[in-house]
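Student: Could we go through this protein together, one question at a time? I would like to see how each answer is reached.

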Amino acid sequence: MKSSAPLRAVVDFAQNLIWPPQCPLSFEPVRHHGELSPAAWAGLTFVSAPQCRICGLPFDYPSAGADSSGTLCASCLARPPSYDLARAPLVYDDMSRDLILPLKHADRRDTVTRFARWMWSSVSAEISPDTLVMPVPLHWRRLVKRRYNQAGLLASAIARLSRRSFDPDCLLRHRPTPSQAGQGARSRKRNVTGAFRLSRALSGEDILLVDDVLTTGATLNACARLLKRAGAGRVNVVTLCRVVRETDLTI
């Protein structure tokens, strides 16, 4: 079978003539679709150590007299989440929000592969070779309206990049839930209580659960709790962004 690379190059050239690549933040010309301009890149805030060992919340300073890699935040100390670990490459702020919203609501899919690379880089050291990659699901009514699940696109890209198995159909949202935007932790937790179910049992498989933003963690906790009750092993989480301040709870 002949390589499809020449055909792909012709298609890319024609596409670039019709739709020239632009940075999704600054709208400056770039070489490839989904690429960021230097100014946009410099404006992003990446999560870095020290951070909470479980939820990945970045700390301002290392813990005095302790190995900061094993330190927990106050929230995880008081009430450990149902997932084993969560990581995100970006802090959720004005810049990262403007990256996510076009993917989430405007069918801007050219950024998916780049986002998946960032996400996988942030969590890859914690993921076993036989891990199943699963997206946080949308209810079918919202899926019909939006036509795609942004978490599903990211999860599929991460599975391809990492050569892990992709399972988009095991975890289902069988009850529609109100939008989580602008709601506090308690309201978010109530919204997702009983909203998910599984299409099959699990037998000790490790899971990588994928979503776009970690806010209070209510949705991810509900999914992880259900997966573990059904027989999953470790449930790790990766999102593109994570909220670090309550004032960011607006997506």
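Student: Over the ring of which residue does the charged end of Arg109 sit?

Tutor: Before we start, this is a predicted model, where local features need pLDDT of at least 70, side-chain atom pairs count only at pLDDT 80 or more, and totals for chains, interfaces and linings use all residues. Residues are numbered from 1 along each chain as its sequence is written, and side-chain values use heavy atoms, with hydrogens and water left out. A charge sits over a ring if NZ of Lys or CZ of Arg is within 6 Å of the ring centre and within 35 degrees of the ring normal. The charged end of Arg109 is 4.5 Å from the centre of the ring it sits over, that of Tyr148.

Student: Thanks! How many aromatic pairs does a search of the whole structure find?

Tutor: Rings of Phe, Tyr and Trp (its six-membered ring) pair if their centres lie within 6.5 Å. Searching the whole structure on that basis gives four.

Student: Why is the pair of Trp41 and Phe46 called tilted?

Tutor: Planes under 30 degrees apart count as stacked, over 60 as edge-to-face and the rest as tilted. The ring centres of Trp41 and Phe46 are 5.4 Å apart and their planes are at 45°, so this pair is tilted.

Student: And what kind of aromatic pair do Trp41 and Trp118 form?

Tutor: Their rings are 5.6 Å apart, centre to centre, with 70° between the planes. This pair links distant parts of the chain, with Trp41 in helix α2 (residues 38–43) and Trp118 in helix α5 (residues 112–123), 77 residues apart. Helices (H or I, at least four residues) and strands (E, at least two) are DSSP runs, numbered from the N terminus. The pair of Trp41 and Trp118 is edge-to-face.

Student: Is Trp118 buried or exposed?

Tutor: Buried means under 20% relative accessible area, exposed over 50%, partly exposed in between (1.4 Å probe, protein chains only). Trp41, at 42%, counts as partly exposed, and so does Phe46, at 33%. Trp118 has a relative accessible area of 11%, so Trp118 is buried.

Student: What is the handedness of the crossing of α5 and α7?

Tutor: Axes are lines fitted to C-alpha atoms, for helices over the stretch in contact, and angles run from 0 to 180 degrees between N-to-C directions. The axes of α5 and helix α7 (residues 150–162) come within 9 Å and cross at roughly 65°. A crossing is left-handed if the near helix is turned anticlockwise from the far one by less than a right angle, and right-handed if clockwise. The crossing of α5 and α7 is right-handed.

Student: Where is Arg163, and is this residue buried or exposed?

Tutor: Arg163 is in the loop between α7 and β4 (165–166). Its phi is near 60°, a positive value in a residue other than glycine. At 77% relative accessibility, Arg163 counts as exposed.
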